[in-house]
Each structure stands twice: as structure tokens, then as C-alpha cells.
Amino acid sequence: QVQLLESGGGLVQSGGSLRLSCSISVSIHSLNRMGWYRQVPGKERELVAVIVSGGSTTYADSVKGRFTISEPDAKNRMSLQMNSLKPEDAAVYYCYVDQRVSGREYAYWGQGTQVAVSS
């Protein structure tokens, strides 16, 4: 069982920055993909940024050039640096990982951290 714990959300003014962190309870070497999703009420959860094994990254078009996802550090903490925040970036942000075990893929989510952006 993988446990994820996000931190770093909060309220920021438009144009400001926040850094989200996700603590991962297992070795990252057992993981396939790691990333961040976000969700606003009434809408589906959407991908923000993801790292796949091997290190390649994918970003949503809406955040390219503003957000940067970082691979976990020595303490297994993955981060998302968010710059030039816009009101439309406001959402609950979820840390995500998936793990392949015995040929099956398992997905895990954090509890979410709220990001609010004032205009």
C-alpha cells in the first residue's frame, strides 16, 4: 500500500507562486508514473504534470512554462513549483502515483491540497 501526503497549498494572489510537495511512502524505484492532477467542483479531475519512469515529463498545455514538476528527492518528496498563478489554476491538487506489481497496475492518490488564487 502506497501512502501519499500533500502539503503546500494555500491562498495566493494572481501572478504569485506556490510550491506543492508530496511525500511518498515507498521507494520511487517501484513506481511507474508520478504526478499531479487537479479538480474543481463539477469538473473531472485533470492532469497537471506527470513524470514517467525514465524521467520524461508531460504537462497540461494550460500550465506549460509556468509549472515545473520535480522528481522525488532523497526523502521521497515530489514537488510541483507553480509560478505566475492565475485564478483558473484554483483547484484541489492531488498527488498521484502508479505502481506495477506482478503485472498489475495500481493507482494511488493523496488526499488533496487546496490552491486558491485571488484576482
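Predicted model: local features only at pLDDT ≥ 70, side-chain atom pairs only at ≥ 80, totals over all residues.

Trainee: Which strands form the open sheet, and in what order?

Mentor: The order is β1-β3-β8-β7, with antiparallel pairing. Two strands pair if DSSP finds at least two bridges between them. Strands β1 (4-7) and β7 (67-70) each have a single partner strand, so one side of each has no neighbour in the sheet, and that puts them at the edges.

Trainee: How do you know that β7 and β8 pair?

Mentor: Four bridges join β7 to β8 (residues 77-82), and the rule asks for at least two, so they count as paired. Within this pair, Thr68 stands opposite Gln81 in β8.

Trainee: Now to single residues. Why is Asp98 called buried?

Mentor: Buried means under 20% relative accessible area, exposed over 50%, and partly exposed in between (1.4 Å probe, protein chains only). Asp98 has a relative accessible area of 0%, so it is buried. Asp98 is found in strand β9.

Trainee: What makes the link between Asp98 and Arg33 a polar contact?

Mentor: A polar contact is a pair of N or O atoms within 3.5 Å; within protein, one must be able to donate a hydrogen and the other to accept it, and residues adjacent in sequence count only if both atoms are side-chain atoms. The side chains of Asp98 and Arg33 are joined at 2.8 Å, so the distance passes the 3.5 Å cut-off.

Trainee: Is Gln99 buried or exposed?

Mentor: Buried, because its relative accessibility is 11%. Gln99 lies in strand β9 (residues 91-101), and its side chain makes a polar contact of 3.0 Å with the side chain of Ser30.

Trainee: Which residues does Gln99 touch?

Mentor: Contact means heavy atoms within 4.5 Å. Leaving out residues up to four places away in sequence, the residues Gln99 touches include Val2, Leu31, Tyr106 and Tyr108.

Trainee: And where is Asp89 found?

Mentor: Asp89 sits in the loop between β8 and β9. At 1% relative accessibility, Asp89 counts as buried. Its side chain makes a polar contact with the side chain of Arg66 (2.7 Å). Among the residues Asp89 touches are Arg38, Phe67 and Val115.

Trainee: How do you know that the protein agrees with a compact globule?

Mentor: The radius of gyration is taken over C-alpha atoms, and the globule rule is 2.2 Å times the number of residues to the power 0.38. For 119 residues a compact globule would have a value near 14 Å, and the protein has 14 Å, so the two agree. Along the principal axes, the C-alpha atoms fill a box of roughly 50 × 30 × 25 Å.

Trainee: How much of the protein is buried?

Mentor: Buried residues make up 44% of the 119 residues.

Key:
Residues numbered from 1 in each chain as written. Heavy atoms only, no water.
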